[in-house]
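Hi,

Here is the structure I promised to pass on. My notes on it follow below.

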Amino acid sequence: MTTRRRGLTVLVGVLAAAASVSGQVREWTTYSGDMLGQRHSPLTQITADNVKNLELQWVFQARSLEKFEATPLVVDGIMYTVQPPNDVVAMDAATGRVFWVYPYIPSPLARLCCGRVNRGLAIHENTLYMATIDGRLIAIDAKTGGLVWNIAVGGARPDTGYSLTVAPLVVKDKVIIGTAGGEYGVRGFLAAFDAKSGREVWRFHTIAGPGEPGAETWAGDSWKTGGGSIWVTGTYDADLNLTYWGVGNPGPDWNGDGRLGDNLYSDSVVALDADTGALKWHFQFTPHDVYDYDAVQIPVLADIQWQGKPRKAMLFGNRNGFFYVLDRTNGQFLLGKTFTKVTWTSGLDAKGRPQNMVPLTEDGVLIYPGVQGGTNWYSPAFSPRTNLFYLPMWGDTYSTFTKRPVEYKEGQRFTGALPAMPIRLLTPGPSINRRRPEEGWGGIQAIDPNTGEKKWEYKMADVVDAGVLSTASDLLFTGGREGYALVLDAKTGALLWKANVGGSVSNGPMTYMLGGRQYVAFAAGSSLFVYALRQ
Amino acid sequence: MVKRAILTAIGIVWAAAAHAQGHGYTPADIENGGLLYQGNCTACHGPDGDGVPSINLGSGKFRRGTTDDEIVKIIIGGIPGTAMPPSSFSEGQAGTIIAYLRSLASSPTTGMLKGDAARGQALFTGKGQCQNCHSVAGVGARGGPSLSEVGGSRRAIELQRAIVEPSADIRSDHRPARVVTRDGATITGRLLNQDTFTVQLLENSGRLRLLDKSTIKEFAILKESPMPSYKDKLNAQEIADLVTYLTTLKGRR
C-alpha cells in the first residue's frame with residue numbers, strides 16, 4: 001500500500017469504515033479503527049459458523065506489568081503498539097515477530113492517578129505519534145523506529161501532575177491530544193500540533209477561564225485547578241469538520257464546595273472546529289460533579305433513523321449510568337436513559353439536565369453507580385448493520401462517598417476522600433472474585449439508540465474493563481476482568497466462543513486482514529493475544 | 001540468564017578486587033556498562049556524563065561516593081528528593097555502569113579539534129551529502145540510522161570514529177545484511193531482528209520485511225558498512241564541525 005493511499009485512508013476513514021472489503025488487506029489506522037469511533041470493522045471472514053475454529057496465532061509479551069490499554073494500529077502489514085508506559089513496538093502483523101522497539105524512559109517526575117499506561121498511537125503518512133506520561137508528544141519514523149521529533153507539550157509539566165495517556169487523533173495534517181491529570185488539580189486542555197513540524201496550532205482549555213464562555217460556572221479561582229482530563233481519543237465528522245472529545249471530572253473529585261457552579265466543561269462532550277479548536281457546542285452530562293463521573297468515553301458518531309428521519313447522532317454511554325443520544329450538528333439532547341442502577345439523581349429533565357442530585361455528606365452517602373461508574377474509558381461499538389450500540393457496563397455497583405476537606409498543593413493529589421467500594425481496583429495478575437452478585441458484576445449491553453432500551457445483555461460474574469469490537473459478520477469481540485476473551489452474537493448476545501487468556505482483557509479488541517486471513521487482537525494482563533481461523 | 005548472572009557475579013567480585021588495584025575492569029564490563037548507561041542514563045546525564053549541571057560522571061570523580069559500593073547503592077536506590085530515580089538494576093549491572101563511567105575518564109578526548117555546529121550542519125546537508133542516507137527531524141533518507149537524537153547517546157569521540165572509520169565499530173542496531181532468496185532475488189538492508197525461522201530487515205527501499213528462512217538461499221550479516229569513510233572527503237576541521245553539529249542533536253524540544 002502506498003503512502004498516498006494510506007494518507008487517503010486516514011483522511012476519509014469516515015467513508016472507509018462503511019466501505020465493503022474488496023481486497024485482501026484491511027488495516028486499522030486509528031485508535032477506534034475509524035474516525036467515527038464505531039469500532040466496527042467491515043471484515044467478515046470470521047463468522048458465527050466458523051468462530052469455533054479460532055486459534056491463537058501469536059502472543060506479544062510486554063516487558064511491563066502495567067495494564068496493557070493500547071489498541072494497536074496495523075498499517076502496511078506492520079502492527080504498531082505501545083508497551084507501557086511509552087515504548088513503541090513494530091511487529092510483523094502476521095507473525096508477531098518484532099522489527100524494532102523505540103524505547104522511551106519517561107521522566108521519574110511523572111505522576112499518574114491510575115496507572116503508567118498508554119492507549120496507543122496515531123499515524124500520518126510514515127510517522128507515528130505517541131503522547132507520553134511525562135507530558136511530551138513524540139513523532140517516530142514508522143519504518144526505522146528513529147526519532148523524528150520529541151516536544152514538550154507547553155504547560156503540561158509532569159511534576160505538577162499533567163500526563164498524557166491518550167492515543168492521539170490525526171485530523172488532516174494535525175495531531176490532536178489532550179492532557180490527563182484531573183486528580184492533581186491541573187487545568188486540562190486539548191491541543192493540535194502540525195504533523196510535520198510539531199508546532200502547536202491550536203489549544204482548547206477544557207476548563208473555562210476568565211474571558212472564556214463558561215467562566216461564570218467556576219467560583220473564584222477554582223478554575224485554575226479545575227481538572228477536566230482527556231483520557232480517551234475523540235472522534236471526527238468530516239462533513240461538519242467537527243472533532244468531539246469527552247472531558248473528565250472537575251477537581252477536586254469528591255468535594256465541590258470550593259468550586260460552586262456547573263464547572264464547565266468538566267463531564268461534558270465538546271465539539272470543536274478541527275482547524276481552529278473553536279468551541280461549536282458542548283453538552284454537560286453531570287453538572288457540578290462530586291462523584292467522579294467523568295465523560296471519559298468515546299463519543300460514537302452514527303447516522304441513525306431517529307423517529308423515522310435520518311439524523312446525525314452521537315451515542316454516548318456515560319460513566320454516570322445514562323446512555324445519551326445527541327444531535328451531533330448542534331448538541332441537542334435527544335434521549336437519556338439509565339443502563340444500570342442510578343441513585344445520584346432522580347432523573348433528567350427535557351434538556352438532559354439531571355435533577356435532584358444527591359449531595360455528599362461528612363458521614364458518607366451510598367450512591368449507585370459506584371466511583372468507577374456504570375461504564376468507564378473502555379470503548380463501546382456501534383454496528384450500522386444491527387443499528388445497535390454495544391456498551392461494556394458495570395451492574396449494581398455502588399460506593400460510599402464521603403465529603404472531606406481538601407487543599408491544593410502543586411503536584412499532590414487533589415481529590416478528597418476516595419470513595420469505598422466492594423470492587424477492587426484493577427491490578428495486574430490473577431483475578432479473584434468473591435463478591436455476591438449484588439456487590440457488582442459486569443456485562444455487555446446492546447442498546448437501541450431510538451429508544452434507549454436494552455435489546456439484550458451478556459452478563460459476567462466479574463466486571464469488565466474491555467472495549468467491544470463489532471464486525472460486519474455480526475460478531476462482537478470483547479472480554480472481561482475474569483480473563484476470558486469472548487465472541488458474542490451481535491444480534492442476540494449469545495456466547496459463541498471463549499478463551500481463557502489469564503488476565504483482564506484491558507484494551508479494545510481490534511481486527512485486520514492480511515494475506516487473506518482475518519486476525520483479531522486482544523490485550524489481556526500484560527500481553528497481546530492474536531487469533532485467526534485455523535488453516 | 002543463569003549464565004549472565006554468574007558472569008555478572010564474577011564481574012562484581014572481579015571489579016571489587018580490581019577496585020583496590022585502580023579500577024582495572026574487563027573490556028566486557030565496560031562494554032556492558034556502556035550499553036546500560038546509554039539505554040537508561042543518557043536522557044538526563046548525557047553521553048559524556050555531564051548532562052546534569054554541576055555533575056560530571058565522566059570525570060572519574062563522583063560527588064556522593066568514592067567506592068564502587070557507594071555508587072552502586074545510589075544507582076539502585078536513587079537519591080530521594082532529586083530527579084535521580086531508583087532503578088531495577090542488579091548490583092552486578094550497576095557495577096558495570098561504574099566501570100563504563102570510570103572508563104570515560106581515561107579515554108582519550110584530547111587532540112580533538114574544536115568544531116562549529118553551524119558549519120557542521122551546512123556540511124551535513126551540503127558537501128557531506130549525509131541526508132542521502134540519514135535523517136534528522138524527519139528530513140533525509142532511511143538507508144542509515146536516524147540521527148535526530150544521536151547527540152543524546154553518542155560521545156563526540158565515537159561520532160568522529162564513525163565518520164572516519166565507519167566499519168570499525170558498527171553497532172548491532174545498524175548492521176547491514178544481504179539475503180538471496182531461493183528464487184534468486186537479492187535483498188539488502190539493515191538487520192532488525194532474526195530468529196531460527198525468520199529474518200527481519202529494513203530494506204534499502206524503506207520497506208519493513210519479514211523473510212521466512214525456508215525461502216532463503218543465502219543470508220549474511222555484512223562487516224563492511226555501506227557508509228563511506230570521510231577521512232579523505234573532509235578535512236580535520238570539517239570533521240570536527242560535523243561532530244560538533246551531531247552532538248547538538250538531542251531530539252528533545
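How many residues does the contact take from chain A, and how many from chain B? It takes 24 residues from chain A and 25 residues from chain B, where two residues are in contact if their C-beta atoms, placed from the backbone, lie within 7 Å.

Before the details: this is a predicted model, in which local features need pLDDT of at least 70 and side-chain atom pairs count only at pLDDT 80 or more, while totals for chains, interfaces and linings use all residues. Residues are numbered from 1 along each chain as its sequence is written, and chains are lettered from A and ligands numbered from 1 in the order in which they are written.

On the side of chain A that touches chain B, two or more residues each come from β5 (87–92), β6 (98–102), β9 (136–141) and β10 (147–152) of chain A. Strands here are DSSP runs of E, at least two residues, and helices are runs of H or I, at least four, numbered from the N terminus. The largest share, six residues, belongs to β10(A).

In chain B, helix α5 (residues 91–106) has 16 residues. Of these, 12 are buried, among them B:Gly92, B:Ile97 and B:Tyr100; buried means 20 or more other C-beta atoms within 10 Å, exposed means 12 or fewer, and partly exposed lies in between.

Back in chain A, A:Arg116 sits in the loop between β6 and β7 (122–124). A:Arg116 is partly exposed because it has 18 other C-beta atoms within 10 Å. Leaving aside residues up to four places away in sequence, A:Arg116 touches A:Glu66, A:Pro84, A:Pro85 and A:Ile133.

Best wishes

Note on methods. The expected span of a helix is 1.5 Å times one less than its number of residues.
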